[in-house]
Amino acid sequence: IQGNETTFEDVIRRRITLFPGDLYRAPLVKMSYQNLVNSGFFEQDIGIEPRPVGEGSEVDLIFKVKEKRTGSANFGAGFGGGYGMTGFLDLVQSNLFGRGKSVQLRLEFGTRMNNVDLSYMDPYLKGTPVSMSIGLFNMRRRLRNDPFEDRYKGFYTRFGFPVPRVYQTRFYLGYSLQSIDIRGDSTLVRLYTGANINDYPQTSSKISLTVSRDTRFNLQHPQSGTLNSVTAEYSGGPFGGNIGFQKYEFESAWYNPTGLPNLVLGLKIRGGTVGSFGGSRSPLLDWREMYVLGGTGYGRDTDIHLRGYDDRSVGVDGMYYKRGKTFFVITAEEEIKITDMVYGVIFAEAGNVWDDVKDVNLGKLRRSAGFGVRLETPMGPLGLEIGYGFDQTNNLGEKTKGKWVPHFRFGRFY
């Protein structure tokens, strides 16, 4: 291994699937290359050179890496994303002391939000293939058009285990404990969400179980491979807390070059459903665990993206902000690499949300199509995309004519 000035050699060797004395196999060399690129520690042009040893059939395999900058301190301000004027400070080191561990402190502040999030991740806990992440958070936020304020504080932890003999597949076990509150006018809160403000604050004690298989090459802008995952979450009941729900979500994505190396087609489907859990011990199904579609999905975790429509405007029966217990979204994208920092995109997608899983009708999806540009900047990914929503409605769920809707995105893409 050559070129690693900061990263310790054992961090690199864990990502190389060939071992001294193994037969030379091209698929394992390719897998090792993908693992090193996906780590985010090295430039993509990794050199792999087999050198003959003596006159026999043995070779030395030389990996020549060029390290990337893995630490950053970003700050800035912006307007949009549902929170109005905001600022942020983001301190990240994804290769802490050259050991492959990551730590992040993110502060967000503004008239509608004040968030603190500290997280740590070790992909090889005590030198084993078990990963561990842990985080602390304290959030206050008020989305545009919401007559109330959300407040969360708590912690989470997650462990990941490789599934034996199944390539790039891991099982994750997570736990989170958080206090959830809502502040605002009780009448407006009930009108917008159906929630009783006197029921809060409440406690959510939740476990999550996930099985994920990820063979993507280049995680930020996948060039090939697939991602398939299934997650189950349980809150309340035997796990404690006042908020009780069971939630099941799936995601499946495929990426493949289309003719030229800089053209990649991505197909993705995603869905989920939530219901009550825990009985009288945890009687409250918090409305924020239910789904609504529209816009970039920026806001709560259950605000699901559907470009071509305004934020949270695709609710049950076409009504704005009306959350449901089941959702489904399908997306097709052609991403065009113009330079290492500039990408174009053409997309089409469709989705909807229903009051219950028994109401699902895939023949009545809200459709859209559009285009955009994505930039890789020192402050992180930025994107501007414009979508045309074919199946628009007003806030009462009545059909209206289609329209173009612009979307600005900061952070990871779809």
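This briefing covers the salt bridges of a predicted model. Local features need pLDDT of at least 70 and side-chain atom pairs count only at pLDDT 80 or more, while totals for chains, interfaces and linings use all residues. Residues are numbered from 1 along each chain as its sequence is written, and side-chain values use heavy atoms, with hydrogens and water left out.

**Overall count**
- The whole structure holds 28 salt bridges, each being a side-chain nitrogen of Lys or Arg within 4 Å of a carboxyl oxygen of Asp or Glu.

**Arg99 and Asp10**
- The closest N and O atoms of Arg99 and Asp10 are 3.8 Å apart, and the two form a salt bridge.
- Arg99 lies in the loop between strand 4 (85-96) and strand 5 (101-110) and Asp10 in helix 1 (residues 9-13), so the pair ties together parts 89 residues apart in sequence.
- Helices (H or I, at least four residues) and strands (E, at least two) are DSSP runs, numbered from the N terminus.
- Arg99 has 36% relative accessibility and counts as partly exposed; Asp10, at 31%, is also partly exposed.
- Partly exposed lies between buried (under 20% relative accessible area) and exposed (over 50%), with a 1.4 Å probe and protein chains only.

**The network**
- Glu333 and Arg374 form a salt bridge, with their closest N and O atoms 2.9 Å apart.
- Glu333 is in strand 16 and Arg374 in strand 18 (residues 366-377), so this pair ties together parts 41 residues apart in sequence.
- Both Glu333 and Arg374 are buried.
- Through shared partners, salt bridges join Arg307, Glu333, Glu335, Glu349, Arg374 and Glu385 into one network.
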